[in-house]
Amino acid sequence: MRRPDNDPGEKILFVTSEMRDFIKAGGLGDVSAALPRVLAHEHDVRVLIPGYRAVLEAGTRMKKVGATRKHGELPACEIGELETDDGLHVLVVCNEVLFNREGSPYVNAKGIGWPDNDLRFATLSSVAADIAAGRAGLEWRPDLLHLNDWTCALAACFLHWRHQSTPSVLTIHNLAYQGIFPASAVSRIGVPEHAPELDFHGQVSYLRGGIAKADFLITVSESYAQQIVDPVHGCGMDRLLARRRHEGRLVGILNGIDPSWRPQQDDALDTPFSVGEWERRQYNTVALREELGLYPVPGPLFIFVSRMVHQKGLDLVYEAAPQIIAAGGQLAMIGRGDPLFERMATTLAKRYPGRIVARIGFEEGLAHRMFAGGDFLLMPSRYEPCGLSQMYAQAYGCLPIAHATGGLIDTIEDGVSGLLFQHARVSDLRSCLQRAFRIFAEPLLLEAMRGAAMLERHDWSRSGQRYTGIYRQLCTHEAAA
């Protein structure tokens, strides 16, 4: 975690709305826990996160290190600092009214977005800009802001509006979530009267502002970076993104996975295993079936570990599930999301007791055991900027079956470390399931593919170096200017 004394590295403020150490709603939480730790080997890194209740109650001692003033309707905030067990410094934006509440970072217990999300995440962005300007009372001041998704993207605009020179990098983890609010939000968040960078068909988009004003844009896989400049995947921002790419300011850097995802040393498993220890791996399959109440059958066990939303293609799984059961397979699903898709999962489980199971919610240990015990991971995402589940599955010898899109193309070699199908439709998924059953019936081929999947390298080292190169390029340019 510590850098050499003679090379402190650039000071990086990594701004995020979730971090697995404290609170997680999706893959961003995993990335925000893993990437800063990798970057800390080369840079002086601080993570900035809102003071959610889960952060305040984490049991880690926090001290006050700064404060910000009110900006229009953006309230004054205190800034706390805590340190994780492995030495990562985390700055916390403390405001009881905005952040200390039950629920996820973005929605309440009923899954409805907080009505003041415009104010909440504009405040997070404004505080990041204040820290960059040295106006928050901290002894530490960043050389660069690394922003993540729409919840932080507005910080790039605040830097621009306040005539601050600190460079910013914006990572787009999912272009479909754009932080869109009514035009009236402008008056609430202290935006200049004329701010065309935020305009999105008469509404305000925080993500669009960040895309327009950040010094550099990164998406989470090379294939996704190519796709989002096309109208099909550009979510209405393809022309702006194409312009930024033409300027040389848009690239794709594939996410990695945390080194804790290792079946050889996983406390969630009763029977850890390594490449080639297929009998030990089979013990995990038997144990998983017992844990979930599935019948002991000789056929393959398919798993679905994901948010249950339209993007993830659970409706395709719903249509294909009878084929899995008819061919002698089983299906286990875990996740939460849209009530419609949650009902799809529970309906299947009721229709096929002992052969299909659905767990609504998420439990980290169970997810580990599902990857260790499942034979095939179903990942028919309509689009997938990067995806982490396919990499977790590969690390545990569970072969992903995925739609050939985004980061799934970059991480799965068809017929070697998993299976890909070309179109997000149930007929293509069914054809791929037939291939899976044939592979399962050939033990030597199945073991060879499992071995190839487990030997795939998905750590952060290469991607971390690419981030470092971009940081240094921007900071050097700013210093020269």
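This is a predicted model: local features need pLDDT of at least 70, side-chain atom pairs count only at pLDDT 80 or more; totals for chains, interfaces and linings use all residues.
Isoleucine 180 has serine 205 in E10 as its bridge partner.

**The antiparallel sheet.** Strands E8 and E10 (residues 203-205) run antiparallel and are joined over two bridges. They belong to an open sheet of three strands, ordered E8-E10-E9, with antiparallel pairing. Strand E8 (180-181) and strand E9 (199-200) are the edge strands, each pairing on one side only. Across E8, E9 and E10 lies helix H7 (residues 206-213), at about 55° to E10.

**The parallel sheet.** Another open sheet holds six strands in the order E15-E14-E13-E16-E17-E18, and its pairing is parallel. Its edges are strand E15 (356-360) and strand E18 (419-421), each of which pairs on one side only. On average, neighbouring strands in this sheet are turned by 20° against each other, direction ignored. Inside the order, strand E16 (residues 376-379) and strand E17 (residues 399-403) run parallel and are joined by four bridges. Leucine 377 has proline 400 in E17 as its bridge partner. Helix H16 (residues 426-440) packs on this sheet, where it touches strand E13 (301-305), E16, E17 and E18. The direction of H16 makes about 160° with that of E18.

| Helix | Strands concerned | Angle |
|---|---|---|
| H7 (residues 206-213) | E8, E9 and E10 | about 55° to E10 |
| H16 (residues 426-440) | E13, E16, E17 and E18 | about 160° with E18 |

Notes. Residues are numbered from 1 along each chain as its sequence is written. Side-chain values use heavy atoms; hydrogens and water are left out. Two strands pair if DSSP finds at least two bridges between them. Axes are lines fitted to C-alpha atoms, for helices over the stretch in contact, and angles run from 0 to 180 degrees between N-to-C directions. Contact means heavy atoms within 4.5 Å.
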